[in-house]
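The following paragraphs lead through a protein model, from the whole chain to a pocket and then to some of its aromatic rings. Please keep the sequence and the structure in view while reading.

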Amino acid sequence: MANKYDVVIIGAGAAGLMCAATAGKRGRSVLVLDHGKKPGRKILISGGGRCNFTNNDVAANNYVCRNPHFVKSALSQYSQWDFIGLVCQHEIDYEERDHGQLFCLDSAKDIVKMLVAECDMPNISLRYQTDISAITQLETGFSLNVNGETISCESLVVATGGLSMPKLGATPFGYQIAAQFGLKMVPTTAGLVPFTLHKQDKDAFEELSGIAVPAVITTEDGTSFKENLLFTHRGLSGPVVLQISSYWLPGQKVSIDLLPTLNLAETLLELRDQHPNQSIKNTLSRLLPKRLIEVLITRGDITDKPLKQLDHKEFEQLATYFHHWNIAPNGTEGYRTAEVTLGGVDTDELSSKTMESKQIKGLFFAGEVMDVSGWLGGYNFQWAWSSGYVAGQNA
């Protein structure tokens, strides 16, 4: 019965490989199917090729999900410390960067090799370049048509990822499987993604491409992040924009504090006392990149004149402008550059303790395919490890 398995996992990414290794250790016969040529393609390019594989500080509030409590069980069943332990066991060197982010010192390939090594058991098979043309529910389990061959299994795990980075082979296949079995979906959109700007703003700011400034960005619902803001030739990017993009809604403005570490009104008053003849342009160019100030003057957003000519009201207006720079993004760069997909399989359809469908016995989901999206900083990989582990323990 070479075509019968206990568990079939669709997707050889982070969640799928973690699930396979976990189920394999339970003695289950496992088949992993992937339409790509090799495993872990998203892992390989993540973190600039170094893979930000988890974070020292992981909690439910680091995730975007319609049910904010859904992630708690999986994160407690398999925590960041469990994955760090696995990394140490495989003697992979890593480093901690800002905000508790953990990266491989050498290469993201180390994480893929580790996962494949964990799956190196006689009861686990990995197959690539597979085409699944049909999935049918049986009385117990499922039947799949794979490259013209029929394969059956007791448990089916969908770990197909989201729609982000289509160049790496991202497809809506996981959502199609969920829809086939009648599971509800949360509408999908690109997350952790740069903003594009309306033409007038884009034309004005594109010459600042490559300039980065520390900033705090706040959405209309009050969510805010503090990180670097990067001007690009298409709009705004950098860690702070990627983070806030998961909370921004089309048509909304964002408020940007371009000088989050000081009180501009007080600073300008002090500088006026010291250098009354200094121009606004030269004064502000000590605090922010000169080219940015020049663009804002050219646009007419601020007026250049000596500090001594400013009255108290004008100081307050300047402070309000730079601490609450309001801009309405035109949109985002979309799935092409997004690091994650927001939305997906509605978590109300799944058991948070097992990742199994509440309606369809034996059907499990793991990773990005469901409506769970992490912040930038290793949280999405941790969700892949945690949800993959939980599905593997129960499939």
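How much accessible surface does the protein chain have, and what share of it belongs to carbon and sulfur atoms? The accessible surface comes to about 17,200 Å², of which 48% belongs to carbon and sulfur atoms, with areas taken from the Shrake-Rupley method with a 1.4 Å probe and, for residues, only the protein chains shown counting as cover. The model is a predicted one, in which local features need pLDDT of at least 70 and side-chain atom pairs count only at pLDDT 80 or more, while totals for chains, interfaces and linings use all residues. Residues are numbered from 1 along each chain as its sequence is written, and side-chain values use heavy atoms, with hydrogens and water left out.

Along its principal axes, the C-alpha trace of the protein chain spans about 90 × 40 × 35 Å. The chain holds 13 helices and 21 strands (DSSP runs numbered from the N terminus, helices being H or I with at least four residues and strands E with at least two). Of its 395 residues, 54% count as buried, that is, under 20% relative accessible area with a 1.4 Å probe and protein chains only. Among contacts (heavy atoms within 4.5 Å) with a separation of 6 or more, 73% are between residues 24 or more positions apart.

Of the 19 lining residues, Thr189, Ser246, Trp248, Leu249 and Leu342 are the closest to the centre. Strand S11 (185–191) and strand S19 (340–345) each supply at least two lining residues, and the largest share, four residues, comes from S11.

The whole structure has 17 aromatic pairs, formed by rings of Phe, Tyr and Trp (its six-membered ring) with centres within 6.5 Å, where planes under 30 degrees apart count as stacked, over 60 as edge-to-face and the rest as tilted. Phe205 and Phe231 form a tilted pair, 5.9 Å centre to centre with 35 degrees between the planes. This pair joins helix H7 (residues 199–205) to strand S14 (residues 224–231), its partners being 26 residues apart.

Key:
1 Å grid on protein atoms, 1.4 Å probe; cavity = no way out; pocket = protein on both sides within 12 Å on 5 of 7 lines; lining within 4 Å. Buried < 20%, exposed > 50% of the residue type's maximum accessible area, 1.4 Å probe, protein only.
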